[in-house]
Amino acid sequence: MALIRKKEKREMPALSTSSLPDIIFMLLFFFMAVTNLKETTYRVRITPPQAAEVQKLENKSLIRYIYVGQPLPQYQNSFGSETRIQLNDAFADISEIESYIVNERSAMREEDQNLMTVCIRADKDTPMGTINEIKEALRKVYALKIVYAANQRSQY
Amino acid sequence: MERKKRKVGQINASSMADISFLLLIFFLVTTSMNVGTGLSRRLPPPVPDQQKLKSADVKKRNIFILHITNQDEIIAQGEKTDIHKLRGKVMQFIKNENNDPNLPELITENVPSIGKVAYTKNHVILLETDAEARYQTYIDVQSELVAAYSELRDEFAMKRFGKHYHLLREDLQKAVQIIFSQRISEVQAENIKEKK
């Protein structure tokens, strides 16, 4: 015979949130591991060119960046709209590249000095004259490993 | 005096989640997720000034001249070329399948772990850029050149070993790299004018 159970008033047990911090911490550590801190604030406008064959940049600590492009609108009053070079956080002249590279290289560990790579992050509309001058300057200080920053092109 | 035993109250950990959320959001904002990508290149070491004008001794048939003009036109061997057709032209030049006397000479040489192979050992791709050419065009050309070389390597690996290049053993990959080594030389427009 079916026994009709008397309906009990059941109470929902309180949801335990004690593991929530752990989960969030795990997320946090994941993000800390996969991301890298923004290296600098851009003072120039850079839309990287697109290329079909690109490689991922490895060994971030060995890469030094040279930014090339037109100054952002807020700097155009004082620096004009001509293509400029940015080293670290400041605008620089092409002649300053050599001393910048030498300084950066001497700050590295000795075994890493030969592996230093210079990444040229230039806007896609930069005239080649500027790029060639940068390359000349890099050659002079024997910074021969360079990378042209470019984004993967999906198709033509 | 007798001390009263006190019970330690439980620490309320419910705000812990909020704190770590804050940290998480902070990191999300300050970091950039994108992995940098680019084309790596090796620059030639600097040459002393007195040697600058002395051009390297390369036979004319071994040189493939690519010129990017101020108007972003690509001129390959004196002929205006579309960027899409560039890869085929470069590949044809590097391969020289039919031993054409106008294309670079084939030199038979012993390559470690492959044996005797005839390949265009002395070919040079000369890339000239005018000062007003756009960087994008230059990168397009560079990437097409890289693509041409990797396509040639893959083709060779398929023909010889029936495998894709990236699946080959490491020593074979090295050997294929020797056969199709990137020989790209860059000249600035000013230097060429000096020569003329």
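Which side chain meets that of Lys121(B) in a salt bridge? The views below take up this pair and some other parts of the structure. This is a predicted model, in which local features need pLDDT of at least 70 and side-chain atom pairs count only at pLDDT 80 or more, while totals for chains, interfaces and linings use all residues. Residues are numbered from 1 along each chain as its sequence is written, chains are lettered from A and ligands numbered from 1 in the order in which they are written, and side-chain values use heavy atoms, with hydrogens and water left out.

**View 1. The salt bridge of Lys121(B) and Glu109(B).** The partner is Glu109(B), with 3.3 Å from N to O; a salt bridge here is a side-chain nitrogen of Lys or Arg within 4 Å of a carboxyl oxygen of Asp or Glu. Lys121(B) lies in the loop between strand 7 (115–119) and strand 8 of chain B, and Glu109(B) in strand 6 (residues 107–111), so the pair ties together parts that are 12 residues apart in sequence. Helices (H or I, at least four residues) and strands (E, at least two) are DSSP runs, numbered from the N terminus.

**View 2. The salt bridge of Lys89(B) and Glu79(B).** These two side chains meet at 3.3 Å, N to O, and they join helix 2 of chain B, which holds Lys89(B), to strand 5 of chain B, which holds Glu79(B), 10 residues apart. Lys89(B) counts as partly exposed because its relative accessibility is 24%, where buried means under 20% relative accessible area, exposed over 50% and partly exposed in between (1.4 Å probe, protein chains only).

**View 3. The buried face of helix 2 of chain B.** Ile83(B), Leu86(B), Val90(B), Met91(B), Phe93(B) and Ile94(B) are buried in this helix. After the helix comes Asn96(B), whose phi is positive, near 45°.

**View 4. The largest nonpolar core.** A nonpolar core is a set of buried Ala, Val, Leu, Ile, Met, Phe, Trp, Tyr and Cys residues joined through side-chain atoms within 4.5 Å. This one has 66 residues, and those with the most contacts inside it are Leu138(A) and Leu66(B). Helix 3 of chain B gives the most to this core, with 11 residues.

Key
Arc of directions from axis to C-beta.
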